[in-house]
Number of protein chains: 4
Amino acid sequence: MNPLTSRLSFRTAGESHGGCVVAMLEGLPRGLLLDTKAIDAELRRRQGGAGRGGRQRMEHDAVKVLGGLRRGRTIGSPLCLLVENRDATIDELPEPTRPRPGHADLAGCYRWLDRDIRSTLERASARETCARVLAGAVAMQLLATADAVTFGFVRSVHRVRLLDSIPGELATSAVAALRLRRDATALYTLDAATSDRMLAEVQEAGRKQDTVGGIVEVRCAGLLPGLGSCLQWHERLDARLAAALMSIPAIKAVEIGDGIAAAALFGSEVHDPILPFGPGRESLPRSSNHAGGLEAGMTNGENLVVRAAMKPISTLPQPLPSVDLADGSAALAGYERSDLCAVSAASVVAESMVSLVLADALLARVGGETMDEFGARLLQFRAAIERVSRGSSSQKS
Amino acid sequence: MNPLTSRLSFRTAGESHGGCVVAMLEGLPRGLLLDTKAIDAELRRRQGGAGRGGRQRMEHDAVKVLGGLRRGRTIGSPLCLLVENRDATIDELPEPTRPRPGHADLAGCYRWLDRDIRSTLERASARETCARVLAGAVAMQLLATADAVTFGFVRSVHRVRLLDSIPGELATSAVAALRLRRDATALYTLDAATSDRMLAEVQEAGRKQDTVGGIVEVRCAGLLPGLGSCLQWHERLDARLAAALMSIPAIKAVEIGDGIAAAALFGSEVHDPILPFGPGRESLPRSSNHAGGLEAGMTNGENLVVRAAMKPISTLPQPLPSVDLADGSAALAGYERSDLCAVSAASVVAESMVSLVLADALLARVGGETMDEFGARLLQFRAAIERVSRGSSSQKS
Amino acid sequence: MNPLTSRLSFRTAGESHGGCVVAMLEGLPRGLLLDTKAIDAELRRRQGGAGRGGRQRMEHDAVKVLGGLRRGRTIGSPLCLLVENRDATIDELPEPTRPRPGHADLAGCYRWLDRDIRSTLERASARETCARVLAGAVAMQLLATADAVTFGFVRSVHRVRLLDSIPGELATSAVAALRLRRDATALYTLDAATSDRMLAEVQEAGRKQDTVGGIVEVRCAGLLPGLGSCLQWHERLDARLAAALMSIPAIKAVEIGDGIAAAALFGSEVHDPILPFGPGRESLPRSSNHAGGLEAGMTNGENLVVRAAMKPISTLPQPLPSVDLADGSAALAGYERSDLCAVSAASVVAESMVSLVLADALLARVGGETMDEFGARLLQFRAAIERVSRGSSSQKS
Amino acid sequence: MNPLTSRLSFRTAGESHGGCVVAMLEGLPRGLLLDTKAIDAELRRRQGGAGRGGRQRMEHDAVKVLGGLRRGRTIGSPLCLLVENRDATIDELPEPTRPRPGHADLAGCYRWLDRDIRSTLERASARETCARVLAGAVAMQLLATADAVTFGFVRSVHRVRLLDSIPGELATSAVAALRLRRDATALYTLDAATSDRMLAEVQEAGRKQDTVGGIVEVRCAGLLPGLGSCLQWHERLDARLAAALMSIPAIKAVEIGDGIAAAALFGSEVHDPILPFGPGRESLPRSSNHAGGLEAGMTNGENLVVRAAMKPISTLPQPLPSVDLADGSAALAGYERSDLCAVSAASVVAESMVSLVLADALLARVGGETMDEFGARLLQFRAAIERVSRGSSSQKS
């Protein structure tokens, strides 16, 4: 309903078979050097992963900057980015009449009180997430200037789950190694064996003319404490992350830290003990990170750990029972070209959305209208965090 | 970051030991007859449930209207509601120096770069949820005029889970019976035996000087299809519900419909087949409700089903290791008067937050500046939904 | 600070010498047939008028649709429009060091704490108003479906003022004739003689190497009563119109109805008597329209009448004293290619901004997610207005 | 429609004859020492001035803090302030049927499609401005910590205008003297003779059973440059000031700096030459201040100068022609207890609204979550402004 303590505005435009998708990002400081190749790399990652349909092989997404840049750097004005669609046939495509269960098709008919499924699905399509990745890749570049690094990967596909071998706390530097491991797998998980088993799940679904979902996880290392707020319900960072993740098509659950498991543990098992100040970081260390880096809607200096559960793709090769809205009769659902599994792509989109929310929170807390000012304030913020952590004998007025 | 397709603005003010808590609700139509006794009943429900500390026995919350009402009806202007605190000692209370793991204490020190834990916890306290219940009770009264009824209950406490005996679809009338069952239990769950076992969990925690959490569930029956939107990420109703639920103190996970379980099912198991139009409802029926009433960020005519997982209370009778910020030394965490288990209260707060989000979505979609206009448009909306469902042979232009 | 009772979101992107300017418009109903030629016509009008520099002759602005349209109609999703720039030299252009008094140059240096005048002026340039006209032309097409028509013209240039020959109330149909008169003049005023005298002012300024401003006026005929709100300060329609007009570069004053003159009149001279219901309109007639169609932040059924005063262009052919920020020494201000007088263009931009605010207020009050639903509600709204006007003996329910 | 670069949220609740009026202010830093006596003094000023009716003599407004304060200082959470009404008879007061021209009465009937004038006027009443003064007085205290001081006074009443004896630039210290002069006059203007002549206008109106308006002016001395933005139309500070002033009941025009007069001057007469850096201030001096301190939507270091024109009170002792909505017949307008002239009060409200907008812009630009952090950043901001002004030879990286 009503935001506060926010500085970044992010919105998208464009349809699945229109000319392009567009991301508009407002509130960035002046002077951020934009690495468009890194943006393109994220776009390509979004198009990859096993289980993807023909479209992803057809498109070769690349960013085009419409506004907000001079000589490769942001100038503070709205950053407007575009990716062209290869298949701009929105005016020619047929008008489906048999809504697919699980998709926007039928709910959209009710929202717009018509049977124009085409107009609804063109925007509700996962193609829109391309614009999110555009903006998210920019957010990641901003976070990098504060040594914060987000990292999204596939935690499970269908019944195959990556067993947890990731420390609760990652050093920023450790993430690079994890990225290499991830990018070497077909499914964007962390080891080849698990990826192979996940791939088998996807292939099995293909044989059954069915689809599968899974769980994606996003972490952020190097995240400063004190971001977010506990002042108003919609200012809490956990609420904003939950919204950002749940807004990704097909996501049906969001967890932070221990998530649902926390509900069945004792308080003494789930709250993370606070340890005295030590070298290597500004905030007080914890002996565990069950909270996933968030307490009372604010970051606490630990790694952010969030997960999102994706239901299987709702366009099934073997369609489910539906109704033909042309005459109200029972019919099988329509079929649009689609993927069997989009969990890998979802891990990229989730990383983008988390990056956007965190970049917003970081900018809102630290402030600064140029990268120079932001950088100077960042140093001061870090020093103040350390003073708080060391205890008041070290405090200057 | 940036809202749209929203009409209701909801915010709260007030501290735990200040004079009062306040809810401000903007965007209600003129002419809603406000039942203040029903609001008070929700306030009392929030104060009940097993496992509550001394404070809940001390306060006897009752609503006071500051603005927005004439002769018992809303007049369209901001509705401002207040509940007085009995224990208005904010200026006298001591200043804790040993932050409690899991609470706002330490993260707040980093956000404000001070050691003023008192100023942070006074607002981060669960007392603020009293204002949410104030506003939520109003939202429920608005929903009732459209025959929509929300219903929150306790799904689990610690390791004790209520086995699912609730149909995926509830008639609005069936909810009244469930409410009676719920309100007859100590824990706000649905049967006495489960409630007793839950109570035993709480008592066991008390004996261990520990705390427990649990899972709350909220349903909404009678909800119109076509609410929410798939147009912009922050407009999706699933995203808004996730934010609203995650913003409740101590919530660490949110699920919609099958939630996490959906990630391990096949598409053919998780998408809800669409059946031809039949008597008794405007929207097309489904043979299941795995989606929890939401597809692509919009309601589909089925019951809304959401769950939220609450971690155990972070104030432990037997405190966890912490640090004394006065000198930086290791120390046990401080203790503020608190509950052992607040899952029952959380079910009331969750019902309130869901009601607020749904009332917002309903008002945004149906519109109307008076209850008369809202009511007339509602009838038209229902009729149009039915026309869509019946198929186009029945469609008039 | 915080909006409410609003449904249309409008924002722009793009720089003066970047690749393009972009307008993003969210909240339009599905099904509006977009006349892109009419948009182009407004773009051309913005480029015309006497006193324009070389740039306007170089650009031939034409709209390109990036998203939100299918088969020529809006589909409800964000409408994203683009106009290309011919002179996309932002990376090559020199970096001015001598700020121009009256422009963003120096204030921008203070906002961004740098001397990067180029990065500031690229966005602060009047080229951005091209995106406003894009969006405004769409808003006008929406207003037209409700028989509301906005009309902007030049009221004065420098010391030459168009003497008022326009009735306080215009029929919608009368506006077409006024438009023809306006478009036949070089300066977008209402008669050739006045236009000639205005042109002489511009030419005189040119000879003096100086610049001139003027006053633009916008009217709206056919505007429904009851739009806007008196409930919260930022919801008032007069406040929103004032913001929208004052946001146009170089505008220094905004008036509604009698405006400043009202401050020196008696109440009996300035308030518009209410007459009994009569044929031809739904709302009660007035014997005058000093209020300019707005009472207490809401439309009252009369024509909207607003004016905005534009200061002279701040880039002077004969530069004013300034400072060279390279070394802090006194220097003459820099010179960028510019116009002598932009009042005609400002009348187009003002018409656009007023149209956007009114379309927003109309959509917010009437509602409807498709043009069909909007149209049906519009008829009901009109009928209800008439019932109110006729007095309660005619009231049903 | 959509804000950005804003941090302060300000809204009000309460009706004219309800129990109270309420202001909620979010976004203040923690640690601002609140002087409630100074707030009460502004409330009393609002009740004063010649031409006020019986109500102002009846109420003795005093602030009561509902939330956001501990030990006299803000704690960062929403500041919620209340003033009680003496005349809380909203449920008993009669329901007018004869709308007053110029007031919300008739437009409200159209907005709510009813004849419930009472429900509309209770909120549209000028009593709501009491809540604005509450919040504005807090904003002034925040501005004071940055040595910025706003000053509102009456520029004209009816045909009597205070001749300009105020320098374009006031030192912060000079404002105190002007305040004394102002507060010594009955009408809140700057000298006794003018005040007497203004008073005569009011008395003349009273004899004629008529009402009068006037012009209020607000200045701000000590205002930092670089506040506001030129990036998006709704971010411009001139637009926000225009909205804030136009939102005050009965305001029909807003001017900045030379305002309307600028439209008839040459560019060389109206733009303020920039002079080399000199002692005594951080920003580059100007030889004039025609711009009123704002260029391209940003402050430039000069005094802010704005004016707002108020129409005469719309409740006339000798009512204007109207219609009785009970039966649709011609009738004289109704009469509610009212003032003859409220220009003095409007000068207080205008000062409050300007203070709120400036405090918002200052907080948004400088940032800081505590007064300590705000203060430290303020010093850095001032130093950086000076470096920019001195020219780049003085610039460090």
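This is a predicted model: local features need pLDDT of at least 70, side-chain atom pairs count only at pLDDT 80 or more; totals for chains, interfaces and linings use all residues.
Residues are numbered from 1 along each chain as its sequence is written, chains are lettered from A and ligands numbered from 1 in the order in which they are written, and side-chain values use heavy atoms, with hydrogens and water left out.

Two copies of a chain are related by a rotation about an axis and a shift along it.

Helices and strands are DSSP runs numbered from the N terminus (helices: H or I, at least four residues; strands: E, at least two). Two strands are taken to pair if DSSP finds at least two bridges between them. An open sheet of 10 strands, with antiparallel pairing, runs in the order β8(A)-β7(A)-β9(A)-β13(A)-β10(A)-β11(B)-β14(B)-β10(B)-β8(B)-β9(B). At its edges stand β8 (160-161) of chain A and β9 of chain B, each with a single partner strand, so one side of each is left without a neighbour in the sheet. Within this order, β9 (residues 214-221) and β13 (residues 304-310) of chain A run antiparallel and are joined by seven bridges. A:Val218 has A:Val306 in β13(A) as its bridge partner.

In chain D, strand β1 (residues 9-14) has six of its six residues buried, so it is largely enclosed by the rest of the structure. Buried denotes under 20% relative accessible area, exposed over 50%, and partly exposed the range in between (1.4 Å probe, protein chains only). In a regular strand the side chains alternate between the two faces of the sheet. Both faces of β1(D) are covered, with D:Ser9, D:Arg11 and D:Ala13 buried on one side and D:Phe10, D:Thr12 and D:Gly14 buried on the other. Strand β1(D) runs antiparallel to β2 (residues 20-26) of chain D, to which six bridges join it. The two strands form a hairpin with five residues between them, and D:Arg11 stands opposite D:Met24 in β2(D).

Helix α7 (residues 192-207) of chain B contains 16 residues and reaches 22 Å from its first C-alpha to its last, close to the 22 Å expected at 1.5 Å a residue. The expected span is 1.5 Å times one less than the number of residues. Buried in α7(B) are B:Thr194, B:Ser195, B:Met198, B:Glu201, B:Val202 and B:Ala205. These residues cover an arc of only 115° around the axis, which puts them on the same side of α7(B); the arc is that of the directions from the helix axis to the C-beta atoms. The buried residues pack against β8 (149-157) and β9 (160-161) of chain B, contact being defined as heavy atoms within 4.5 Å. The face turned away from the buried side carries the exposed residues B:Ala192, B:Asp196 and B:Arg207. At the start of α7(B), a side-chain oxygen of B:Asp191 comes to within 3.3 Å of the backbone nitrogen of B:Ala193. Just after the helix, B:Gln209 takes a positive phi of about 55°.

In helix α10 (residues 343-366) of chain B, 23 of the 24 residues are buried, so this helix is largely enclosed by the rest of the structure.

A:Ala361 lies in helix α10 (residues 343-366) of chain A and is buried, with a relative accessible area of 7%. Residues up to four places away in sequence not being counted, A:Ala361 touches A:Leu227, A:Gly228 and A:Leu237. A:Ser322, in strand β14 (residues 321-324) of chain A, is buried at 2% relative accessibility. Beyond its neighbours within four places in sequence, the contacts of A:Ser322 include A:Arg98, A:Pro99 and B:Ile274.

Conventions: A polar contact is a pair of N or O atoms within 3.5 Å; within protein, one must be able to donate a hydrogen and the other to accept it, and residues adjacent in sequence count only if both atoms are side-chain atoms.
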